[in-house]
Amino acid sequence: MSAETLVVILLFALPFLSAAVIGIWFRLQGNIAAAISVASCGVVALLGLWLVFFGERSVAPAPVEWLTFGTYTVNMGYYFNDLAALLLFIVVVVGLLVHIFSLEYMRKDEGKARYFAGLSLFMFSMIGIVFADNLIMIFIFWELVGLSSFLLINHYFHKPSAVAASKKAFIVNRVGDFGFLIGIIWAYWHFGTVELSVLADMVGQDSDILVTGIGLLLFCSALGKSGQIPLHVWLPDAMEGPTPVSALIHAATMVAAGIYLLCRIYFLIPPEALVVVLWVGVITALFGSLCAITQKDIKKILAYSTISQLGYMVAAFGLGALAVKNGVPVMQAGVAAAMFHLFTHAFFKALLFLGSGSIIHACHHEQNIYRMGGLRTKMPVTFVTFTIAYLALIGLPFITAGFFSKEAILYLAFANNKLAFLVLLFSALLTAFYMTRLWLTVFFGAPKSEAAEESKENGLLITVPLGILAFFSIIAGWEFLHPQAFSGILDGIPHPSGWTYLLMVALGSGAMAIGVAAAYVYFGVGSRQDRLEREHPGVYAFLSAKFFFDQVYNWYVKTIQERLALLLHFIDQIFISGLIIRGSAGVLGLCSTGLRNLQTGNLQHYLYWIFFGVVVFWILGRTVFS
Amino acid sequence: MTVGLNEFLAISGLLFAIGFTGVLLRRNTLVIYMCLEIMLSAAILALVGFSRFNNTMDGNIFVFFIITVAAAEVAVGLAIIVALFRHRQTIQVEDLNTLKN
Amino acid sequence: MELVEYFPILVQILLAFVLAVVILTVSQIFGQKIRRSLTKDSAYECGIPSEGKSHTRFSVKFYVTAMLFILFDIEVVFLYPWALAFRDFLAAGIPILLPVLFFIGVIVLGLFYEMKKGALEWEK
Amino acid sequence: MDDLQYFKDAAASNEWSLIWPEISVGLLALSLLVVEMLVPKMKNRLVPMIAMIGLSVITVTLVLSWVGMGVSYGESFAGLLFQSGFGESMRLFFLLGGLFICFLGYVTLQGRAIPRVEFFHIVLVVTAALMLLAQSNHFVMIFITLETVTIGFYILVSYFRNQPISLEAGLKYLILGGLSTGLLLFGIALLYGAAGNPQLAGATAEGLNLQALRAFLLNHGDHTLAVAGMLLVLFGIAFKVAVFPFQIWVPDVYQGAPTAVTAFLGVCSKAAGFALMIILVTRTFNVETMTSITVPLLSLMAIFSLLYGNLTALTQQNTKRLMGLSGISHAGFLLAGVVAAVHVDWAVWAVVFYLFSYMFSSFAVFGVMAFVEGKNPGEGEELIDYTGLYQRSPFLGTVLGIGLGSLAGIPPLVGFIGKALVFIALFQAGLYVLLLVGALSVAISIFYYFGWMRTAFFGDGPDTEKDYPAIEVPLPKRVPLAIIAGITVFLGFIQVPLAAVLGL
């Protein structure tokens with residue numbers, strides 16, 4: 001067995017073992033649990049980095065027969081290429097930092113052990129997704145990731161909102177995953193295999209065997225995990241979980257897994273499907289940034305910003321193959337752009353979340369930005385790092401990582417689809433707008449609450465991870481620093497040249513500048529309340545309604561008289577509130593109660609029932625079917 | 001004229017219908033149970049008839065088994081009904097609806 | 001077979017019917033008329049009116065015995081075809097004795113069991 | 001005379017060695033009665049032990065015999081039985097089932113003023129009958145074994161003869177079961193009559209033998225009597241497996257019966273029905289003229305069962321009824337698998353695999369129920385009674401979680417693999433509607449399974465003021481539950497051993 005294989009096995013084993021050990025023996029000893037979890041994560045990080053930079057790329061070197069049905073055997077092996085290396089790098093680095101951060105953040109939490117067990121379980125599942133070499137394995141770890149995210153969102157389970165949010169997340173994801181599952185079965189039926197490498201060869205030889213349906217069904221997975229419209233509803237609510245979790249799972253890694261999956265199976269997505277992918281991404285990007293404008297909860301703002309950035313990545317992927325060379329779609333550009341943005345975004349968004357976590361921690365779990373203010377002086381480290389992340393997100397030219405990755409996407413859009421380009425550009429402007437609002441309100445002006453008043457900088461356990469992430473948020477974009485390890489992916493990043501380059505920079509930074517300026521002028525520094533809300537309540541209400549996805553949902557939960565809502569918001573209503581939140585009151589609930597009344601307990605009625613059953617099916621059998 | 005297979009089948013069909021109707025209409029568990037036995041007898045009659053007109057013995061042998069099984073069923077059934085009657089003082093179906101919904 | 005062969009049965013049915021009708025009508029005609037009234041038709045013409053159910057419930061032991069009887073009675077069914085075929089089979093060297101002995105053995109075991117359970121003791 | 005010759009051959013084809021497991025299980029059952037007669041003092045402890053040990057010995061020997069001499073194949077007992085890999089795997093299934101039911105009965109019956117021995121006796125007899133049923137190849141065999149099972153269940157369901165609800169459940173099962181028996185029997189009679197009709201070409205004297213029947217149906221699959229009989233037989237079996245519209249008895253009977261019996265009924269009785277479905281639908285009635293009827297008919301039943309079971313379970317608060325109703329939806333899955341097996345051969349194994357996965361997962365759940373419930377009727381059966389189970393007994397909580405998760409089909413538990421296999425089979429068979437309904441009903445089922453899980457783990461039940469006592473489970477009683485849960489997880493990751501048994 002080669003060293004790589006051994007390392008991979010270790011990467012799988014360590015987090016799983018730590019989760020198991022904690023779950024079995026240390027359910028109550030939080031500190032021991034934390035120690036175990038962080039230690040295992042540290043080792044995982046070391047091994048992972050070794051694998052990323054020195055491990056050779058290989059396709060399923062030691063497959064193990066793992067499940068057999070019909071005439072087909074699924075092997076359990078791993079498929080490690082530069083793409084996987086890239087995500088592995090993100091997972092281990094951010095994962096380790098979040099583990100360390102959590103040591104401080106969750107210090108006084110009574111559910112500490114549960115929390116760290118959850119983190120370890122998540123690391124296990126995420127690493128599984130990174131390495132999985134066939135769709136079925138991916139699917140299984142996919143579900144495991146969902147499960148661990150479910151558990152972690154549910155961490156404060158005494159809060160009904162957290163419980164509801166966790167359920168919402170789980171169910172919405174399953175909605176996407178059923179599409180995924182059907183897609184996998186179809187793919188197996190169509191191609192006769194689910195091994196990624198084999199599939200790649202098949203498609204490479206003959207790209208006509210692609211089926212649009214399969215592509216779209218597989219895309220459903222990303223739809224759910226990466227919070228694309230209309231399955232985005234769970235992501236903002238998922239902020240009920242502890243902030244480090246939001247940073248790790250709901251900003252850096254898990255939600256990015258959807259994009260990763262798309263890039264991993266790009267050869268299965270035919271151009272027709274890509275059009276859908278593109279526009280879903282574009283709309284999501286715009287939608288997210290619009291919703292973020294009116295949020296007051298710092299984490300909600302970041303959540304919507306995450307949705308919109310994920311939209312960017314999906315759109316980038318969708319754009320990639322619009323250029324078709326001699327019949328075969330050229331995906332490299334799209335994949336590269338998407339993964340590049342995923343790479344940079346992972347760092348600065350995680351940093352934003354951890355920064356907000358540090359703020360929330362210091363302000364005694366105050367999350368409303370209009371009750372913070374003036375934290376620049378009180379929490380200098382957090383301020384600096386947060387600012388770097390903020391600049392990266394809005395894409396400060398030539399320095400921050402975000403600038404380069406966003407430019408790549410915008411250029412791709414410019415080259416392939418002007419309309420998409422305009423929308424994306426506009427949402428970039430909005431991004432600058434709402435982030436500046438957040439930044440000015442939180443850090444400047446005077447403290448606007450007791451909590452903010454007595455807040456002070458946190459200890460090293462929190463500030464060091466912030467620093468490291470800040471470092472990456474800058475240099476992750478500098479291509480001359482990109483290691484050989486990722487060349488397979490990042491070399492494909494599209495580069496504008498000549499006047500296009502200038503145009504791109506001008507437009508990009510122009511949009512950014514406009515956004516910042518507008519926010520500065522409009523909201524002012526350290527404002528006490530939302531001017532938009534005050535002066536244009538109509539607009540504010542419209543935007544803060546998040547296009548009524550959640551509104552109608554809550555409204556329905558309160559009252560079930562309104563049947564119209566069912567038709568309008570099928571997923572939101574029937575699958576989430578109708579079925580889950582208010583199972584006994586929702587439509588299906590009503591059916592259920594109705595059906596239950598068949599069980600009168602009277603033997604005679606049962607006899608009648610069976611009699612009519614016999615008669616009906618007899619008639620069917622004798623007339624209709626025969 | 002001779003009594004042919006059709007007569008056998010007609011009667012057995014009639015028995016079956018009578019049994020089924022009784023099961024559906026009667027309110028007394030014991031009577032319902034009797035009606036079930038009638039349905040069994042209908043099947044038995046059909047088997048005997050077929051066995052005779054198809055010149056094969058299987059049907060007749062099968063009948064032995066059916067009778068035995070029916071007897072065992074009756075024994076158990078009566079036991080249950082009696083035990084229930086001793087608890088509830090009634091075996092009318094409409095009174096036996098503790099288990100519902 | 002011919003339907004004619006069922007003729008005697010038909011005759012018997014008719015006879016029974018006719019006889020019943022005849023007797024009733026004759027008694028109606030020749031019997032002495034009595035004035036009928038509710039009191040006259042009631043069970044007792046004098047004394048207290050009768051109360052309580054006409055039939056009394058009897059011991060559950062009857063059920064137990066009856067069920068056991070049914071079971072053992074029915075098992076015998078299998079012995080008839082056995083007895084019929086016994087000789088020929090034995091002649092043809094087909095194993096027939098031991099299986100039935102096993103069958104009976106099981107039944108006997110059941111008998112012992114219910115004795116042990118005291119299902120057959122009437123007084124307890 | 002040729003008659004004698006016929007009987008000679010018949011007697012010659014009696015290979016008693018082939019059915020040694022059934023024989024030994026039967027003898028084990030008898031020996032229990034003997035034991036009670038001989039040592040009445042220590043019967044309460046001794047008898048369950050003998051039953052469990054005996055069963056496990058037989059199980060092990062059976063598996064070893066496969067390894068040793070392989071699986072025998074072909075007719076025996078003058079065509080009464082038909083040995084095949086399918087029959088063997090179902091044998092194993094029922095042996096394991098009986099074994100665990102003995103354990104559950106031991107738990108359930110403890111501290112009750114109710115005779116013990118008969119319970120284990122009947123369970124063993126029923127197990128033997130089930131094992132024969134799975135290999136039967138002749139309507140007489142099918143009828144006898146099926147009735148032995150059913151009558152045994154009449155007694156078991158009303159086993160708590162001092163509890164009116166148990167008796168009521170028994171009565172309901174008795175009447176409705178009797179009805180289904182009537183249907184089944186009349187159907188058999190019609191098939192027999194049609195097959196033996198001298199006027200028809202290719203009429204067979206062996207109308208009750210399935211092969212002979214099939215040979216006849218190949219020519220006369222559209223014969224009126226035959227089709228009528230086929231329908232009635234299917235209805236009769238549909239009652240046993242409790243698929244729509246013959247599912248109506250399930251909740252009441254499940255609730256009234258002792259928990260151990262509920263488990264037996266929900267797993268083994270269902271499995272027996274599906275063994276018959278496979279034998280009949282995919283091996284006997286699988287002629288074009290009949291599949292054109294059976295496939296749409298059974299698909300319809302499956303679809304309705306899936307929807308009915310899951311929808312009704314949504315608002316169900318009593319756990320026993322809940323298991324019953326969700327069981328209906330699982331029956332829908334299995335029936336869908338059977339329908340697929342008409343077109344795709346390996347789907348039979350998908351169904352068997354699903355049966356195994358269903359057995360392990362629901363035994364895990366029933367096992368927990370047996371510990372949570374109280375001694376009085378209906379005590380500790382509501383969902384509320386599971387509030388904070390994980391805190392009260394981490395062990396039971398974990399087992400329950402595993403069981404429910406597997407029933408809900410959450411990967412990587414075995415239930416997921418079972419569902420996946422059925423889905424694949426459906427897809428290959430091109431039954432897309434069933435596939436869709438299946439996926440939808442899985443989505444629905446998540447809800448109530450997770451509701452139950454949340455009550456057990458996060459404990460925010462309707463009334464948390466009422467404090468619930470911790471539940472102590474002694475170590476020896478933990479072992480079987482732990483094994484079952486372990487298998488549920490293990491098979492979720494590695495199916496090779498079971499697949500090897502099933503020849504998947």
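## Report on a predicted complex

In this predicted model, helix α13 (residues 298-320) and helix α14 (residues 332-362), both of chain A, have axes that come within 8 Å and cross at roughly 170°. Two packed helices are described by the angle between their axes and the distance between the axes. Angles over 145 degrees count as roughly antiparallel, and α13(A) and α14(A) are therefore roughly antiparallel to each other.

Which residues in α13(A) and α14(A) meet? On the side of α13(A), they include A:Ile298, A:Leu302, A:Thr306, A:Tyr312, A:Met313 and A:Phe317. On the side of α14(A), they include A:Val335, A:His341, A:Leu342, A:His345, A:Leu352 and A:Phe353. Glycine also takes part, with A:Gly318 and A:Gly320 in α13(A) and A:Gly334 in α14(A) among the residues that meet. Sorted by class, the contact of α13(A) with α14(A) has 14 nonpolar, 8 polar and 2 charged residues.

### Chains A and C

| Property | Chain | Value |
|---|---|---|
| Secondary structure | chain A | 29 helices and 6 strands |
| Secondary structure | chain C | 5 helices and 0 strands |
| Buried residues | chain A | 58% of the 626 residues |
| Buried residues | chain C | 1% of the 124 residues |

In chain A, among the contacts with a separation of 6 or more, 79% are accounted for by residues 24 or more positions apart. The elements of chain C, read from the N terminus on, follow the order α-α-α-α-α.

### Chains D and B

How many residues does the contact take from chain D and from chain B? Chain D gives 36 residues and chain B gives 37 residues. On the side of chain D that touches chain B, the elements that give two or more residues are α6 (139-157), α7 (164-195) and α10 (250-256) of chain D. Of these elements, α7(D) supplies the largest share of that side, 17 residues. By class, the residues on the side of chain D that touches chain B divide into 21 nonpolar, 10 polar and 5 charged.

### Confidence of the prediction

For the complex, the predictor gives an ipTM of 0.80 and a pTM of 0.61. Chain C has a mean pLDDT of 79, and 78% of the residues of chain C reach 70 or more. Where pLDDT is low, the predicted coordinates should not be read in detail.

Conventions: Residues numbered from 1 in each chain as written. Chains lettered and ligands numbered in written order. Predicted model: local features only at pLDDT ≥ 70, side-chain atom pairs only at ≥ 80, totals over all residues. Contact = placed C-beta atoms within 7 Å. Helix = DSSP H or I, 4+ residues; strand = E, 2+ residues; numbered from the N terminus. Nonpolar A, V, L, I, M, F, W, Y, C, P; charged D, E, K, R; others polar. pLDDT = per-residue confidence, 0-100. Axes fitted to C-alpha atoms, helices over the stretch in contact; angles between N-to-C directions. Parallel < 35°, antiparallel > 145°, perpendicular 65-115°, else oblique. Buried ≥ 20, exposed ≤ 12 C-beta atoms within 10 Å, placed from the backbone.
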